[in-house]
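Please keep the sequence and the model open while reading this note. The points below can be checked one at a time.

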Amino acid sequence: MSSNDKAQHPSTGDQVTLQAGDRSVSLPLLRPTIGADCVDISRLPKETGLFTYDAGYTATASCKSAITYIDGDNGVLLYRGYPIEQLAQNSSFLEVSYLLMNGELPTPSEFAAFDDEVTHHTMMHESLKNFLGGFRHDAHPMAMLCSSVASLSAFYHDTLDLNDPEQRRLAAIRLIAKVPTLAAAAYRYSVGWPIRYPRNNLDYVDRFLHMMFEVPSEPLELNPVVRKALDLLFILHADHEQNASTSTVRMVGSTGANPYACVAAGIAALWGPAHGGANEAVLKQLAEIGDAKHVDKALARAKDKDDNFRLMGFGHRVYKNFDPRAKIIREMTHEVLGELGIDDPMLEVAMRLEEAALKDDYFVQRKLYPNVDFYSGIIYKALKIPTEMFTVMFAIGRTAGWVSHWLEQQTDPEFKIGRPRQIYTGADTRDYVARDKR
Ligand code: ACO
């Protein structure tokens, strides 16, 4: 049995016994390939009448998955078993997308076929231009991306038989291929530039840069540092286990909704400032801080319990030691800033904030390190990607993870509609009172 098979079918080892008053129940312990064992509580309500409560699912596994593994205490992130550091060093985003979707690294011919297929699905339907044209000129590109991705289900409804593995695979390819096209179109609409069609002679990242930045009046010079940084960012953003947006994709997917609707829901979840929206929030906060000399004041506010101000781009739900992606991207941030010769006061604020927070007891004791969004925002700014597009950039990378989880879910033998329970805190049963008697 391969390690992936083991992850999909964790072994059931010991039992744990739960004592609730005079009731006792034995619950199976599930053992993953790596990581902590998990108590299977699915029999609990039937056998004891009890439910479990876990706000924010901090202690609950919602599915079995063979895609990504995180060890938050030791700063480990594996895609299909491969350490993120090795993928960042040696792979490309498109190869990582193949890996996430298919479970194995592609052979040269498998990669060539995948690349060719993605390349030939990058065009968007011409009438999507009209759809995007219906937005106000100042629409947020996340709003445009979310709705245009959802609209894809209206264009491909003839290939939405979810029982057909080939149609499912095709939908995943279309999403990986078309999200960058829609993202760039949303950006160009917001700045009033003509939409650029995807060019098949360019690779995934260059094609996206071309669709974003090429203007009719002059040829676009593609900088290798920019290309390398963007490819790296897409790799680092490609998947992150059962985070809020991926869980949303799975939750919507559990109802049998089509993959475009599921990914649109994931995009909506990603938008929040506690999740992918943090990279945009980081830059807004740096602008508010304004000057490196105000950094200490910002730190003091972040530590003040009477102030709900938080340092955006610091802290992580899972990584309580360091975020391995942040470590990789930090080096790239300094390389990009150095090679592009950027002299931007906001970036100076960022570097000063990073330095001060890493030395500050409050942040050190709570293990609040800069997360991937702190640095990705800075790189995007250096690459001249507008702030409103930051979360869109995250969505382009994460699409590979979303579609991989959606595909995995469709063949999960334990596939069930997601339906959490609650602790009801409302009024007890009471009788209706006529309006004139209230
Ligand atoms: N600034 C100041 N204090 C913070 C911050 C922060 N960014 N993050 C956490 N803390 C403090 C909390 O006040 C709390 O302090 P206390 O123990 O004295 O009460 C302690 O650190 C633990 O914080 P929690 O909120 O319990 O941590 P949780 O794991 O629930 O939250 C989260 C993680 C949401 C990422 C949080 O750190 C945060 O809001 N960060 C800023 C937003 C951000 O950068 N989000 C991006 C996450 S990465 C991603 O989505 C790709």
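1. R80 sits in the loop that links β5 and β6. This is a predicted model, and in it the phi angle of R80 is near 50°, a positive value in a residue that is not glycine. Is R80 buried or exposed? Its relative accessible area is 13%, and because buried means under 20%, R80 counts as buried.

2. β5, residues 76-79, and β6 run antiparallel and are joined by two bridges. Within this pairing, L78 has P83 in β6 as its bridge partner. As background, the strands of a sheet pair through backbone hydrogen bonds, in either a parallel or an antiparallel way.

3. β5 and β6 belong to an open sheet of three strands, in the order β4-β5-β6, with antiparallel pairing. Which strands stand at the edges? They are β4 and β6 (82-83); each has a single partner strand, so one side of each lacks a neighbour in the sheet.

4. A second residue to check for its backbone angle is E241. Its phi is near 60°, again a positive value in a residue other than glycine. E241 lies in the loop between α10 (224-237) and α11 (244-253). With a relative accessible area of 27%, E241 is partly exposed, because that class covers values between 20% and 50%.

5. A hairpin is formed by β2 and β3, with six residues between the strands. In that hairpin G35 has a positive phi near 105°. The two strands, β2 (residues 23-31) and β3 (residues 38-39), run antiparallel and are joined by two bridges. L29 has V39 in β3 as its bridge partner.

6. Where does G56 lie? It is in the loop between α2 (44-48) and β4 (68-71). G56 has a relative accessibility of 52% and so counts as exposed, the limit being over 50%. From G56 to P106 there are 50 residues in sequence, and the C-alpha to C-alpha distance is 36 Å.

7. The ligand is surrounded by 21 residues. The closest of them are R310, L311, G313, F314 and K320. Sorted by class, the shell holds 10 nonpolar, five polar and six charged residues.

8. For H275, a polar side-chain atom lies 3.2 Å from a ligand oxygen atom. For Y362, an N or O atom of the side chain is 3.0 Å from a nitrogen atom of the ligand. The ligand taken alone exposes 940 Å², and the protein buries 74% of that area.

9. Last, the protein as a whole. It has 19 helices and six strands. Its radius of gyration is 23 Å, close to the 22 Å given by the globule rule for 438 residues, so the protein is as compact as a globular protein of that length. Along the principal axes, its C-alpha atoms fill a box of roughly 80 × 65 × 55 Å. Of the 438 residues, 48% are buried.

Note on methods. Residues are numbered from 1 along each chain as its sequence is written. This is a predicted model: local features need pLDDT of at least 70, side-chain atom pairs count only at pLDDT 80 or more; totals for chains, interfaces and linings use all residues. Side-chain values use heavy atoms; hydrogens and water are left out. A residue is near a molecule or strand if one of its heavy atoms lies within 4 Å of it. A polar contact is a pair of N or O atoms within 3.5 Å; within protein, one must be able to donate a hydrogen and the other to accept it, and residues adjacent in sequence count only if both atoms are side-chain atoms. Accessible areas come from the Shrake-Rupley method with a 1.4 Å probe; for residues, only the protein chains shown count as cover. Ala, Val, Leu, Ile, Met, Phe, Trp, Tyr, Cys and Pro count as nonpolar, Asp, Glu, Lys and Arg as charged, and the others, Gly among them, as polar. Helices (H or I, at least four residues) and strands (E, at least two) are DSSP runs, numbered from the N terminus. Buried means under 20% relative accessible area, exposed over 50%, partly exposed in between (1.4 Å probe, protein chains only). Two strands pair if DSSP finds at least two bridges between them. The radius of gyration is taken over C-alpha atoms; the globule rule is 2.2 Å times the number of residues to the power 0.38.
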